[in-house]
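Please follow along and look up each residue as it comes up.

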Amino acid sequence: MTATQGFQEAKISTAPTRQKPRREGFSLLQFALLLLFCVYSLLPLWWVITTMTKDNSQLYSTFGLWFSSPSHFVDNLRTLFTRDDGIFVRWLINSIIYAGASAVGSMLFAAMGGYAFSKFNFRGRDSLFNAILATIMVPSTALALPIFLLMQNIGLINTYWAVILPGLVNPFGLYLMRLFWDAGFPTELMDAARVDGASESKIFWQLGLPLVSGGLVTVALFSFVGAWNNFFLPLVVVNKDTLFPLTLGLSVWNQTSVSSGQDPIYTVIVLGALISILPLIIAFLSLGRYWQGGLASGAVKG
Amino acid sequence: MKKTALKSAALLLSLALAASTAHAADPAFPKAPSGPVTLEVWSWVPGLDKTVAAFTKQYPNIKIKILNLGGGPATYTKLQTAIKAGSGAPDVAQVEYGFLPAFADTGGLADLSKYGAGDYKKYFVPWTWGQVSPDGQAVYAIPQDTGPFAMVYRDDLLKKYNIAVPKTWADYAKAAATVKTKSGGSVKFGNFYSTFAPWFMALAWADGGQFFQRQGDGWTQTLNNASAKKVLNYWNDLIKKGQVGTLAGFSADYWNAAGAGKLATNMEAAWGPGGYAGSLGTKSAGMWRAAPLPQWTAGSSVKSGNWGGSSNVVTTQSKNPEAATLFALWLNLSSSAVTADWNNGGLFPASDAGLALPALAVTSKNPSKFFGGQNISSVYAQASRGVNVNFQWAPWFPFVNDNFSKQIDKMLKGQFTPNQALDAWQAESLAYAKQNGFTVK
């Protein structure tokens with residue numbers, strides 16, 4: 001938001017006397033460039049959509065960017081939801097559970113942690129905060145083996161918890177929430193509430209949280225997308241196909257098609273992939289407003 | 001009433017038939033454990049759960065839990081993680097031959113000779129045992145499926161250009177030149193998979209080429225061996241003359257060319273024809289045939305190499321290694337399992353008796369049906385018996401595999417001669433192996 005406003009101001013101030021034709025020419029070029037980029041970005045998605053209407057041999061023999069037959073779409077849909085006793089639905093539900101729990105949980109923990117760092121002064125606060133920041137740099141792949149051992153030792157391997165618990169930790173979310181608390185919830189307001197006799201939990205839950213809702217949505221979205229797309233963690237900690245999320249399940253189907261070469265179901269997998277990104281698209285479209293505003297308001301103070 | 005009686009009689013008969021075919025040719029397997037045992041099995045064989053139902057019927061004490069991860073890098077990462085962690089690995093896992101040394105090197109694989117696996121060597125095609133027991137002592141796995149090499153070709157195109165099926169590489173080169181002239185270059189006679197090292201290695205393997213050799217604690221690596229040089233120079237020549245293409249395997253371009261009659265032959269493993277039937281569907285159906293791999297010397301017995309295939313390992317973490325060994329042997333030697341794996345997943349057997357199973361010879365079903373009803377399994381069975389026994393892989397093979405494409409790319413761009421490409425492949429892989437602590441010459 002801020003960036004766009006700034007851009008508009010700059011444009012107006014540098015070219016206050018420019019007449020309409022010139023400005024239209026400029027926006028036409030801008031429009032063409034954006035359109036080009038838009039087509040470029042959406043082309044793979046378009047391919048995914050046209051591929052849904054093909055069977056496997058048409059995948060290679062027909063024009064990639066146009067539809068083939070609605071009956072194949074129905075066939076693909078049926079195969080997708082009935083193959084291996086309809087396990088795709090189970091994977092879909094699992095993904096929703098993993099990503100949902102991760103989004104809600106990490107949002108809450110990040111909000112609480114960020115609140116503590118923002119509003120309370122305690123010994124070692126800065127070094128602790130820096131230590132948390134440093135963990136952002138640790139790639140999740142490097143954590144797979146330790147997480148695997150940890151889950152194995154506490155007996156949670158091969159359960160929902162093995163995927164959910166690591167997903168609750170989101171150091172970047174905590175960092176972001178601290179910025180939001182710093183910017184969105186003035187300490188003076190907190191002090192005033194205390195003077196009025198509000199309890200600490202009331203200050204946090206009822207007074208504070210609504211003021212940083214943009215941050216909450218941002219963190220939740222980040223965690224949701226991260227958990228939704230996570231492949232490596234479930235691969236390592238889960239040993240039953242009924243616990244697979246969509247990423248792992250579809251990848252197994254794909255690999256089976258590649259490895260065995262028999263009865264390949266690539267077009268069904270493509271359809272499954274499209275269905276698997278629908279929740280992300282819905283999440284972004286419905287929450288994107290908060291998300292944008294949230295990022296910007298954090299950025300100003302940060 | 002009569003109908004029911006007839007039906008049950010038929011049912012009995014078919015049951016008896018099933019029972020007799022299931023046990024007729026099977027060797028005597030090791031003793032089953034006395035108490036109840038659960039085995040965890042990681043495998044990407046399609047329909048394995050159904051195959052295993054017959055096992056649990058025969059061995060009610062042993063329960064099998066299957067995890068299918070589809071194969072490929074992710075499957076190996078998971079297995080590697082569990083082995084490194086020291087817990088969480090399955091009892092039995094499917095591993096491709098080329099990756100066996102890498103896993104054996106981690107110390108995570110049980111030596112099955114301790115559980116009597118050595119007694120079953122005689123039931124397998126000799127080269128497959130060479131893959132799982134390179135030194136002839138320790139046995140790291142039980143061979144499962146194989147990919148011996150043969151040539152697939154378009155019968156219609158060869159007839160159209162009036163060419164006999166080439167029996168030698170000299171014939172093949174001549175035919176390639178003829179097809180280029182007669183088709184004006186629109187039809188390629190063959191295809192060089194420039195990104196598949198194991199494909200290329202199989203061709204050198206057929207000529208007796210050796211790429212790795214274990215010697216005590218050290219290794220010898222010879223990626224630029226004489227056979228490799230011969231094979232690569234031969235193909236590079238055909239490529240430069242425009243008689244042979246370099247389409248990427250399993251790509252849309254490749255299937256388009258193959259389906260549209262723009263490609264006359266290719267060298268494919270035993271599991272390849274199933275992929276042709278699956279990916280081409282009705283396009284060019286019935287026009288393909290299979291023939292033995294062209295030979296370097298006329299009139300010699302058919303020699304071949306292998307691409308792909310896999311084995312079943314037992315991990316050192318297994319609490320029931322005897323039962324796990326029994327399962328791995330049963331899965332790859334019982335005629336019911338080998339038949340089911342062929343029918344469900346197109347797994348070309350590693351066992352001697354498996355190659356002669358009636359199911360392989362069925363020509364009314366794919367892949368033979370797609371190949372004009374020719375019994376292509378017999379072509380591939382002959383190929384398997386002609387695969388050189390002494391062929392080893394090395395733990396750093398994954399790097400060698402990736403590095404191949406890089407060097408061949410330079411060769412195709414004209415920056416390297418074939419010999420230079422192989423020398424660079426050898427040098428860079430050697431440097432990598434040394435960096436990773438292997439004693440290699």
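A:N158 sits in the loop of chain A that runs between α6 (140–153) and α7 (160–167). Please keep in mind that this is a predicted model. The phi of A:N158 is near 65 degrees, a positive value in a residue other than glycine. Is A:N158 buried, exposed or partly exposed? With 16 other C-beta atoms within 10 Å, A:N158 is partly exposed, because a residue needs 20 or more such atoms to be buried and 12 or fewer to be exposed.

A second case turns up within a helix: A:D84 belongs to helix α4 of chain A. A:D84 is not a glycine, yet its phi is positive, at about 50 degrees. A:D84 has 14 C-beta neighbours inside 10 Å and so counts as partly exposed. As background, most residues other than glycine have a negative phi, and most peptide bonds are trans.

## A cis peptide in chain B

Chain B has a backbone feature worth a look as well. The peptide bond that joins B:N366 and B:P367 is cis, with omega at about 0 degrees. Where is B:P367 found? B:P367 lies in a loop of chain B, between α14 (352–355) and α15 (376–385).

## Chain A as a whole

Chain A contains 14 helices and zero strands. Its pattern along the sequence is accordingly written α-α-α-α-α-α-α-α-α-α-α-α-α-α. Of the 302 residues in chain A, 33% are buried.

How far apart in sequence are the partners in chain A's contacts? Taking contacts between residues at least 6 apart in sequence, 78% join residues at least 24 apart.

Packed helices can be described by two values, the angle between their axes and the distance between the axes. For α4(A) and α7(A), the angle is about 35 degrees and the axes are 8 Å apart. The crossing of α4(A) past α7(A) is right-handed. On the α4(A) side, A:I97, A:Y98, A:A101, A:S102 and A:S106 make the contact, and on the α7(A) side A:Y160, A:V163, A:I164 and A:G167 do. Sorted by class, this contact of α4(A) with α7(A) has six nonpolar residues, three polar and no charged ones.

Now look at A:S223, in helix α11 (residues 213–229) of chain A. A:S223 has 27 other C-beta atoms within 10 Å and is therefore buried. Leaving out residues up to four places away in sequence, A:S223 touches A:S102, A:A103, A:S106, A:M107, A:G167, A:N170 and A:G173. A:P146 lies 77 residues from A:S223 along the chain, and their C-alpha atoms are separated by 21 Å.

## Helices α9 and α17 of chain B

In chain B, helix α9 (residues 226–240) packs with helix α17 (residues 418–435) at an angle of about 135 degrees, and their axes are 9 Å apart. The two helices, α9(B) and α17(B), are therefore oblique to each other. Here too the crossing of α9(B) past α17(B) is right-handed. The residues in contact are B:A228, B:K229, B:L232, B:N233 and B:N236 from α9(B), together with B:P418, B:N419, B:A421 and B:L422 from α17(B). By class, the contact of α9(B) with α17(B) has five nonpolar, three polar and one charged residues.

## The nonpolar core

The largest nonpolar core holds 187 residues, and A:V237, B:L39, B:L100, B:F149 and B:F327 touch the most other members. Which helix gives this core its largest share? Helix α4 (residues 70–119) of chain A does, with eleven residues.

Apart from neighbours within four places in sequence, its contacts are B:A202, B:A206, B:M267, B:A269, B:L293, B:S304, B:G305, B:N306, B:W307 and B:A383.

## Where the chains meet

The contact between the chains takes 28 residues from chain A and 31 residues from chain B. On the side of chain B that touches chain A, α3 (73–85), α10 (252–259) and α11 (272–280) each supply at least two residues. The largest share of that side, six residues, comes from α3(B). By class, the side of chain B that touches chain A has 18 polar, ten nonpolar and three charged residues.

Notes. Residues numbered from 1 in each chain as written. Chains lettered and ligands numbered in written order. Predicted model: local features only at pLDDT ≥ 70, side-chain atom pairs only at ≥ 80, totals over all residues. Contact = placed C-beta atoms within 7 Å. Helix = DSSP H or I, 4+ residues; strand = E, 2+ residues; numbered from the N terminus. Nonpolar A, V, L, I, M, F, W, Y, C, P; charged D, E, K, R; others polar. Axes fitted to C-alpha atoms, helices over the stretch in contact; angles between N-to-C directions. Parallel < 35°, antiparallel > 145°, perpendicular 65-115°, else oblique. Left-handed = near helix turned anticlockwise from the far one by under 90°. Core = buried A, V, L, I, M, F, W, Y, C linked by C-beta atoms within 7 Å.
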